[in-house]
Amino acid sequence: MSEFTVSKTQILKRYLPAITLALILPAWELICRLFDVPSYILPAPSEIYQAFVEVDFDRWGLHLWATLKVALLGFALSMFISIPLAMLMVNSKYLSKTLYPILVVVQSTPVVAIAPLLITMFGSGEAPRLAITCLITFFPLVVSATTGMMATPPELIDLSRSLRAPRYKEIFAIRLPYALPHIFSGMKVAVTLAIIGAVVAEFVAAEQGLGYFIQFSTSFFKVPQAFAALIFLSVVSLALFKLVHWVQAYFFGWTMAKEKA
Amino acid sequence: MKPFVTLDKVSHYYMTDEGKPVQALKDVSFSIKKNEFVAVVGPSGCGKSTLLKLLSGLMQPTHGSVNIFGTPVTEPRDEIGIVFQQPTLLPWLNVSNNVLFPIKHKRGRVTQQEKEQANSLIKMVGLEDFATRMPGELSGGMQQRVGIARALLLDPDILIMDEPFSALDALTREEMGFDLLRIWNESPKTVLFITHSISEAVLLADKVLIMSPRPGRLSEEIEIDLPRPRSAATVREKAFSEYTDRIRQQIYHPKTADIKAIKDDKKVVNL
C-alpha cells in the first residue's frame, strides 16, 4: 500500500511541470476569451500559435541562425579568453589582485547601457554584437574557472611539487581538470547569458535575428508574433543549456558524480 | 647502524598573513633507523604538518638541518612517498591510472614494467578487482588504499604518512592499520607515521615521538618493545596499555610524567 503511494507521488513529481503547463495554457486561453483581452495586451495561446505558423519556416530559420551565430561565437570567444585568463590569475597572485577589481567593475556595468557605445566603437557589423555577448558571458566563466582551480586540494599541489613536476603541468594536469565541475556550472550560466547578449545587441543594432524580430513585430503591433518569437527564444536558450549538460554528462561523467556526493 | 633520517636542532618559523612570524617547530632533533616504523603523536598545532613538509623537501627549515642518507634535504626527492590525510585522488582517473599518476605526471610516459608494478601494488593493497573503477565509486578506506599504492609506486625508501586513517571509521581504521603492517612486512620501508591516535601509534610503531604544541617540540621519545607480528591480541597485552597510559600522561600532564613508571624502557630521552 505504502509502496504504491510512493510510486504515485514519484510519477506526480516527474510529470508535474507538464501538468502545470497543461493547466496554465487553457486557463490563459479562457481568460483571454472570457474577458475579451485585446491581443496587443495579452494574446491568447491560440493566437500565438497562429502567428508562429504564419511566419515562413525559412524566415524563422534566418532569424534563428543570426541569433545563434552571435550567441555561440560570442560564447566560444568568451571561453577562449576567460579560461586562459583564469589560469594566469591562479598562477600569479599579483595578476589576480590587479585584474579582479577591473573584472568586477566591468561586470557591474550594465551591458545594456554600454551596448550603444560598443556599436559606435566597433561599427555596425558582427563585431559589436560579439563584443556584447562576450562581455556578458565573460564574468561567470572567469569566476567559476578561478574558483575551481583554487579549490584544488593543496595536497595534490604538494604531490606535484614533491615530484618536481614543471609548473605548467600542475596547472594543466591537476588544476584545470579539477576545475571542470565548476567550469561546467559557469558554462551553464554563460550559455543562457549568451542568448541574452545576442538579443540585447540585436535590440540596439541589427537587421535580422530573433531579438530584432521581436522588436520589429512589436513596433508593428504584431504582438502575437512577438510572443511567438519570445517563446522560440526561450526554447533555444533551454536547448543550449541542455546541450552543455549533455556534453558534461557524456564526456565528463565524473564531474556529475562529484555533484551528487 | 647509521641513521637513515636525522633532524638536528630544527626550528621553523612561518609568516602569518599579518606578517608576524610564528614558531612552528623548536629545536627538534631525532633520528630514524633504516626500515624503522616511527609514529609521531601530539595535539593539533604541534607542528606535525611542518615536519612533513620539511622532510619531504617542500620547505627548508629556518634553523638546523634535515638529513636523509647523511645529505641535507634541499629539494623533494624520489626516495620519499607521501600518504595524505585525505586520499586526494584525481577523480577523472581510474584506480590504476591514479596509482600510475606520479610517473605520468613526472615523465609523461609509462612503461609496461611500470604498469605491472602498479598492478602488483594494487593487488598488495587488496584492490585487484577495482583497478578500472573510478575513485567516486570507492569507499573512503578503499580510496586511501589507492593513496598508499600511489605513494609506493616510485619504490620510496621512506614513507611519510600524515594521519592517513583519520578520515576513516573506527573499524576500517583498525583493519587498515594491520594491512599497513602486512605491507610494511612485505616490502620493508622507513615509515614516519603522523597520528592523533595514541593506541594506533603504539600498535604500529617501533618508536613513538611525542610532540607538544606552540611551539612544536619533541617532548619524549619512547621505544615500543612489543613483539611482532602485532595483531588484535597485542592490544590486550598489559605492556600495550602501559605504553598508551604513559604516552597519554606525557601529552596531558607533561611535567608530572613519571619516567620510571615503565621498568623495561631504558631509552627514554626527556627533553
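Q: How many residues of chain A are in contact with chain B?
A: This is a predicted model in which local features need pLDDT of at least 70 and side-chain atom pairs count only at pLDDT 80 or more, while totals for chains, interfaces and linings use all residues. Residues are numbered from 1 along each chain as its sequence is written, and chains are lettered from A in the order in which they are written. Two residues are in contact if their C-beta atoms, placed from the backbone, lie within 7 Å. Facing 15 residues of chain B, the number from chain A is 18.

Q: Which helix gives the most to the side of chain A that touches chain B?
A: Helices here are DSSP runs (H or I, at least four residues), numbered from the N terminus. At least two residues each come from α7 (154-162), α8 (167-204) and α11 (253-260) of chain A. With seven residues, the one that gives the most is α7(A).

Q: How many charged residues has the side of chain A that touches chain B?
A: Asp, Glu, Lys and Arg count as charged; Ala, Val, Leu, Ile, Met, Phe, Trp, Tyr, Cys and Pro as nonpolar; and the others, Gly among them, as polar. Beside 10 nonpolar and two polar residues, the charged ones number six.

Q: How are α2(A) and α10(A) oriented to each other?
A: Helix α2 (residues 45-54) of chain A packs on helix α10 (residues 223-251) of chain A with axes 8 Å apart, at an angle of about 80 degrees. Axes are lines fitted to C-alpha atoms over the stretch in contact, and angles run from 0 to 180 degrees between N-to-C directions. Because angles of 65 to 115 degrees count as such, α2(A) is to α10(A) roughly perpendicular.

Definitions and conventions:
Angles under 35 degrees count as roughly parallel, over 145 as roughly antiparallel, 65 to 115 as roughly perpendicular and the rest as oblique.
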